[in-house]
Amino acid sequence: MRIYKKTFLIVISFFAIYVIWGSTYLLNKIAVAELAPFFLASIRFLTSGILIFIIAMAMGVSLKLTKHQLLNVIITAFLFLVYGNGVFVWSLRFVDSGFGALEAATQPLFVLVLMWLIDGKKIQAKSLIGIILGLIGMCMLVSQEELLIKEGSLLGMFMILTCVLSWSYGSIFVSKANLPTNYFVSTGYQMIAAGIMLAISSLLFNEKWVSPFNWSEPVVWSMSFLIVFGGIAAFTAFNYLLKVVSTEKVATSAYVNPVIALLLGWYVLDEKLTLQSIFAAIVLLTGVYFITSKRKLKIRPFGR
């Protein structure tokens with residue numbers, strides 16, 4: 001009975017990191033069509049952070065952290081959630097959700113190059129092949145004429161790549177930083193810190209704040225799903241899987257999420273799915289496979 005329960009939990013957890021995280025690109029795209037991006041992200045992370053703290057306190061988990069840990073939490077929150085996610089959501093106003101997900105899939109490539117530049121970590125031949133394939137796939141993706149002529153698409157594509165760079169450096173920073181030992185608590189603090197910084201950014205950019213009572217039904221459902229499932233449930237599933245299965249298996253979400261995002265964007269929002277985009281996705285994700293397979297890269301899942 002215990003074996004069946006564990007198997008069920010593993011299957012549900014993989015569903016969470018594959019399908020739920022893959023759907024967050026679509027949900028952010030729906031929400032940002034109506035809400036200002038930094039306002040949207042601040043509401044999402046503040047609410048998720050508060051809910052995490054409530055759950056942690058109910059479970060009797062300590063919320064204590066040192067001043068040094070607090071500083072690291074703020075830095076991590078900025079790299080991951082303020083710039084990495086907040087600016088990413090802003091960029092979705094100019095590019096399709098599936099396209100943004102494919103750009104985000106280059107994160108392992110960025111992490112590998114940064115590890116080489118910062119730590120002098122040698123790049124293996126297999127990983128080098130992955131980097132080359134990733135670059136070829138990205139070139140195929142961004143060179144499509146219909147994308148280049150679309151207003152704001154070049155800016156959106158460039159800003160997403162800077163978000164991937166920020167998130168990738170954050171993955172390296174986290175691997176060395178002194179953070180609260182309980183990952184659930186650490187995530188809660190990061191979300192609260194990011195929510196505050198995003199709210200300040202929203203005010204500085206003079207964004208329009210809209211009461212939840214005035215949100216349309218699709219936005220209410222999207223935000224609710226992002227907060228409860230995209231944030232709390234999927235992150236919990238991710239950390240559970242890291243304890244019970246190999247890192248390589250968990251890393252498969254890096255090349256499953258974009259496929260889910262592409263299909264959902266095409267099916268729900270009628271986003272154009274060209275033959276060139278499909279080939280680009282195959283080449284790019286093959287490169288990601290070469291990089292992530294058999295490597296224990298400490299990569300935080302991007303943009304979820």
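At 39% relative accessibility, F78 counts as partly exposed, a class that lies between buried (under 20% relative accessible area) and exposed (over 50%), as judged with a 1.4 Å probe and protein chains only. The model is predicted, so local features need pLDDT of at least 70 and side-chain atom pairs count only at pLDDT 80 or more, whereas totals for chains, interfaces and linings use all residues. Residues are numbered from 1 along each chain as its sequence is written, and side-chain values use heavy atoms, with hydrogens and water left out.

Rings of Phe, Tyr and Trp (the six-membered ring of Trp) pair if their centres lie within 6.5 Å, and planes under 30 degrees apart count as stacked, over 60 as edge-to-face and the rest as tilted. F78 and Y83 form a tilted pair, 6.4 Å from centre to centre and with 50° between the planes; Y83, at 25% relative accessibility, is partly exposed. A second pair joins F80 and W167, whose ring centres are 4.7 Å apart and whose planes stand at 50°, so that this pair is tilted as well. It links distant parts of the chain, since F80 belongs to helix α3 (residues 67–91) and W167 to helix α8 (residues 153–176), 87 residues apart; helices here are DSSP runs (H or I, at least four residues), numbered from the N terminus. F80 is buried, with a relative accessible area of 0%, and W167 is buried at 1%.

Helix α3 also holds T76, which is buried at 1% relative accessibility. Leaving aside neighbours within four places in sequence, T76 is in contact (heavy atoms within 4.5 Å) with L81, F173, V174, L179 and Q190.

D119 forms a salt bridge with K176, the closest N and O atoms being 2.7 Å apart. Because D119 lies in helix α5 (residues 107–119) and K176 in helix α8, the pair ties together parts that are 57 residues apart in sequence. D119 is partly exposed, with a relative accessible area of 42%, while K176 is exposed, with 53%.

Not counting residues up to four places away in sequence, I17 touches A234, A237, F238, L241, V250, S253 and N257.

On the surface, I50, L51, I54, M57, V228 and F229 form a nonpolar patch with about 530 Å² of accessible area together. Patches are made of residues with over 30% relative accessible area and no salt bridge, with nonpolar side chains (Val, Leu, Ile, Met, Phe, Trp, Tyr) joined within 5 Å and like charges within 9 Å, and the areas come from the Shrake-Rupley method with a 1.4 Å probe. The elements that give two or more residues to the patch are α2 (37–58) and α10 (217–244), with the largest share, 4 residues, coming from α2. V228 is found in helix α10 and, at 39% relative accessibility, counts as partly exposed.

Key:
Salt bridge = Lys/Arg side-chain N within 4 Å of Asp/Glu carboxyl O.
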